[in-house]
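These are my notebook entries on one protein model. I went through the structure topic by topic and wrote down what I looked up.

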Amino acid sequence: MGLKGVIFDLDGTVVENDYDWPGIRRELGTGEMSILAYLDALVEPERSAKWAILEGHEARQTEASVLRQGFSGLLERLRARGLAVALVTNNSRKNAEYLLGKFGLAFDCVITRESGLWKPSGAPFLEVLRTLGLGPAEVGVVGDTRFDVLAALDAGIEAIYLLSNEPERFLGYPVKIVPSIEALARVICR
Ligand SMILES: [Mg+2]
């Protein structure tokens with residue numbers, strides 16, 4: 001399909017963990033807002049207190065994360081084919097760097113929330129495209145949640161792959177659902 005780059009999500013995509021996002025949202029009281037937008041809009045002292053709650057969950061999940069089976073091999077195959085690889089996460093740079101170091105992964109471009117560019121906005125993906133010098137039709141996005149889909153569509157990216165064992169959750173979205181890295185590799189390394 002002529003892709004020149006692939007942009008990966010981190011949590012739930014490159015690494016597997018067990019975030020209870022509905023529970024965390026209830027604990028923080030985000031309502032319908034995205035967690036980062038909600039926290040960013042708070043004032044002290046509530047702001048620091050609630051950021052600490054999120055960071056506590058993230059620290060535990062980061063420590064418990066395991067690399068998704070086959071991911072290192074996929075990254076090597078993409079690089080061998082000359083594709084650029086990028087990572088876009090709403091997680092922190094500290095946690096992202098910890099996981100990349102722990103699992104020996106390297107990306108051409110890494111965007112974390114410190115950039116101020118967060119999914120579900122397409123802005124972090126547009127920043128990757130600008131950095132890599134690629135257009136939206138030249139890249140694919142690989143993620144595991146609705147935010148990944150919304151961000152990709154917002155950035156005008158149409159090649160969207162979701163790692164999920166629950167395809168019914170994404171009915172009606174213009175995405176390809178794949179159950180594993182192996183299945184993903186069969187689609188994007190054809
Ligand atoms: Mg994810």
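I looked up Asp144 and found a relative accessibility of 17%, so Asp144 counts as buried. Buried means under 20% relative accessible area, exposed over 50% and partly exposed in between, with a 1.4 Å probe and protein chains only. Asp9, at 7% relative accessibility, counts as buried too.

I note that this is a predicted model, in which local features need pLDDT of at least 70 and side-chain atom pairs count only at pLDDT 80 or more, while totals for chains, interfaces and linings use all residues. Residues are numbered from 1 along each chain as its sequence is written, and side-chain values use heavy atoms, with hydrogens and water left out.

**Magnesium ion**

Which protein residues are donors of the magnesium ion? I found Asp9 (OD), Asp11 (O) and Asp144 (OD), lying 2.1 to 2.2 Å from the ion. Donors are N, O and S atoms within 2.8 Å of the metal (3.2 Å for Na, K and Ca); water is not among the atoms, so sites may look incomplete. I wrote the spacing of the donor residues in sequence as D-x1-D-x132-D. Asp9 lies in the loop between strand E1 (5-8) and strand E2 (15-16), and Asp144 in the loop between strand E6 (139-143) and helix H7 (146-154), so the pair ties together parts that are 135 residues apart in sequence. Helices (H or I, at least four residues) and strands (E, at least two) are DSSP runs, numbered from the N terminus.

**Thr89**

I placed Thr89 in the loop between strand E4 (84-88) and helix H5 (93-103). Thr89 has 2% relative accessibility and therefore counts as buried. Leaving out residues up to four places away in sequence, Thr89 touches Leu10, Asp11, Ala96, Ile111, Thr112, Arg113 and Lys119. Contact means heavy atoms within 4.5 Å.

**Nonpolar core**

How many residues are in the largest nonpolar core? I found 31, and those with the most contacts inside this core are Phe8, Leu74 and Phe107. Such a core is a set of buried Ala, Val, Leu, Ile, Met, Phe, Trp, Tyr and Cys residues joined through side-chain atoms within 4.5 Å. The largest share of this core, 6 residues, comes from H8. Neighbours within four places in sequence aside, Phe107 is in contact with residues including Phe8, Val14, Phe71 and Leu100.
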